[in-house]
Amino acid sequence: MISLYLPERTWLHAIPAGWKLAALALISLVISPIESLPVMGALILAVLALYASLGSAALRQLALLRAMWPLFAILLAFHWWNGDLIFGLVVLTRLLAMILLANAVTMTTRMDAMMDAVEPILRPLGWVGLSPRAVALMVAMMIRFIPLLFALWEALNESYRARTGKRGGWRLLAPFCIQTLRLSHHTAEALAARGGAPRGDRR
Amino acid sequence: MKDRSLVQIALYAAIFAVLGLLPKFDIPLAGGVPITAQSMGAMLAGVMLGAWRGAAAMVLMLFVVALGAPLLAGGRGGLGVFFTPSIGFIVGWVAVAFVAGAIMQALRKAPVFPAALIASVVGGIVVMYAFGIVGMAMRTQLSLLDATKACLIFIPGDAIKAVLTALVAQTVARGLPEALLSRNA
């Protein structure tokens with residue numbers, strides 16, 4: 001799995017996650033009503049400068065936008081069709097700037113730091129009996145399940161190929177679901193045997 | 001919440017991620033339109049787990065994506081995806097799972113295949129496009145009609161996914177009946 005996080009430390013890494021999230025929210029609120037192309041152009045240049053200041057690994061992440069070009073082209077075409085190309089460009093640059101800014105926060109914040117930053121927001125879940133630790137447990141379980149499920153899929157695919165010589169594709173979905181649910185029963189039993197998931201009352 | 005529900009929510013969130021990360025998961029008749037199997041994960045979560053657990057699985061998945069994991073199709077993830085024009089679809093997955101699950105639970109007495117098909121079509125197409133189109137129109141400042149036009153090419157792919165979801169649900173119901181939690185909750 002390719003990580004979006006940049007391993008080498010930059011100046012943006014040093015800023016606490018909460019501040020970065022607050023800044024992101026603030027910028028997104030401030031720029032959403034602005035409809036001037038020069039301002040948006042300046043913003044996108046500033047964002048690119050930010051990426052440049054984070055080093056070449058950050059600049060390489062600009063390639064992530066590649067998959068979105070068709071959508072952007074359609075968007076621009078519709079605005080052009082409606083006779084407002086300039087407005088279309090404003091909307092497009094605003095989208096690009098916000099996507100890149102948000103990605104910059106992700107690039108420079110570790111997942112556990114992000115988890116800690118949002119923990120206060122999760123606290124109200126305690127009122128419905130779900131402790132933040134249970135949420136953390138689910139996040140950990142989900143991330144652990146992913147490579148496990150990959151291996152399971154590969155095993156199913158291989159046995160299908162052994163029988164038919166073809167790739168399984170969607171035909172594997174039903175056995176995959178059955179196998180994964182078996183797996184989840186075992187995991188739940190193992191969890192219960194170790195005292196169960198953290199409850200809301202005990203922290 | 002019971003331990004089992006907790007594990008199943010995490011499981012379907014992971015299945016959703018795996019469906020997006022599997023390379024070349026080809027769906028027949030796709031006809032050149034780039035479709036990912038991922039939105040099927042939302043239908044599956046609802047149809048298999050029922051409304052609340054299905055929606056919780058999608059919320060968990062979005063939460064982990066927001067924390068920075070590149071779990072969406074094509075290795076996308078992080079906070080950036082919440083600022084793309086696809087935000088309506090992304091947030092809509094929660095509603096997809098919830099509606100599909102609710103329909104599945106309401107049709108508990110009906111045979112599995114038609115019930116799952118109705119649940120996936122209403123959840124995975126009607127609800128998903130309602131969210132997706134409104135989100136796209138808001139983000140791109142296009143009119144709802146233009147946003148609808150921009151989204152329409154994906155509907156055939158999602159129709160295929162709805163049928164596949166129903167087939168999977170039927171096979172699971174035969175192979176491991178207690179796995180269809182939306183039926184025996």
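Biologist: What share of the 203 residues of chain A counts as buried?

Modeller: In this predicted model, 29% of the 203 residues of chain A count as buried. A residue is called buried if 20 or more other C-beta atoms lie within 10 Å of its own. For chain B, buried residues make up 63% of its 185 residues.

Biologist: What does the radius of gyration say about chain B?

Modeller: A compact globule with 185 residues would have a radius of gyration near 16 Å, and the 16 Å of chain B agrees with this. Along its principal axes, the C-alpha trace of chain B spans about 45 × 35 × 30 Å.

Biologist: Into which domains is chain A divided, and how far apart do their C-alpha centres lie?

Modeller: Domain 1 of chain A covers residues 11-109, and domain 2 covers residues 122-193. The C-alpha centres of these two domains of chain A lie 35 Å apart.

Biologist: Which residues of chain A does the UniProt annotation "transmembrane region" cover?

Modeller: According to the unreviewed UniProt entry, the annotation covers residues 12-31, 37-55, 62-80, 86-105 and 134-153 of chain A. Such annotations may be inferred rather than shown by experiment. In the model, residues 86-105 of chain A are 100% helix and 0% strand, with end C-alpha atoms 29 Å apart. Residues 37-55 of chain A are 89% helix and 0% strand, and their end C-alpha atoms lie 27 Å apart.

Biologist: How many residues of chain B are in contact with chain A?

Modeller: The size of an interface is often given as the accessible area lost when the parts come together. Here the description rests on contacts: 50 residues of chain B are in contact with 54 residues of chain A. Elements giving two or more residues to this side of chain B are α1 (3-21), α3 (51-67), α5 (112-140), α6 (144-152) and α7 (155-175) of chain B. The largest share, 13 residues, comes from α1(B). By class, the side of chain B that touches chain A has 32 nonpolar, 12 polar and six charged residues.

Biologist: Where is the largest nonpolar core, and which residues have the most contacts inside it?

Modeller: In soluble globular proteins, nonpolar side chains tend to be buried together. In this model the largest nonpolar core has 99 residues, and those with the most contacts inside it are B:Ala10, B:Ala13, B:Ala14, B:Ala57, B:Met61 and B:Ala97. The element that gives the most to this core is α1(B), with 14 residues. A second, separate core of 23 residues includes A:Leu6, A:Val90, A:Leu100 and A:Ala104.

Biologist: Which residues does B:Ala13 touch, not counting those up to four places away in sequence?

Modeller: B:Ala13 touches A:Met142 in chain A, together with B:Ala57, B:Leu60 and B:Met61 in chain B.

Conventions
Residues are numbered from 1 along each chain as its sequence is written. Chains are lettered from A and ligands numbered from 1 in the order in which they are written. This is a predicted model: local features need pLDDT of at least 70, side-chain atom pairs count only at pLDDT 80 or more; totals for chains, interfaces and linings use all residues. A residue is buried if 20 or more other C-beta atoms lie within 10 Å of its own, exposed if 12 or fewer, and partly exposed in between; C-beta atoms are placed from the backbone. Two residues are in contact if their C-beta atoms, placed from the backbone, lie within 7 Å. Helices (H or I, at least four residues) and strands (E, at least two) are DSSP runs, numbered from the N terminus. Ala, Val, Leu, Ile, Met, Phe, Trp, Tyr, Cys and Pro count as nonpolar, Asp, Glu, Lys and Arg as charged, and the others, Gly among them, as polar. A nonpolar core is a set of buried Ala, Val, Leu, Ile, Met, Phe, Trp, Tyr and Cys residues joined through C-beta atoms within 7 Å. Domain bounds come from an automatic or database domain assignment. The radius of gyration is taken over C-alpha atoms; the globule rule is 2.2 Å times the number of residues to the power 0.38.
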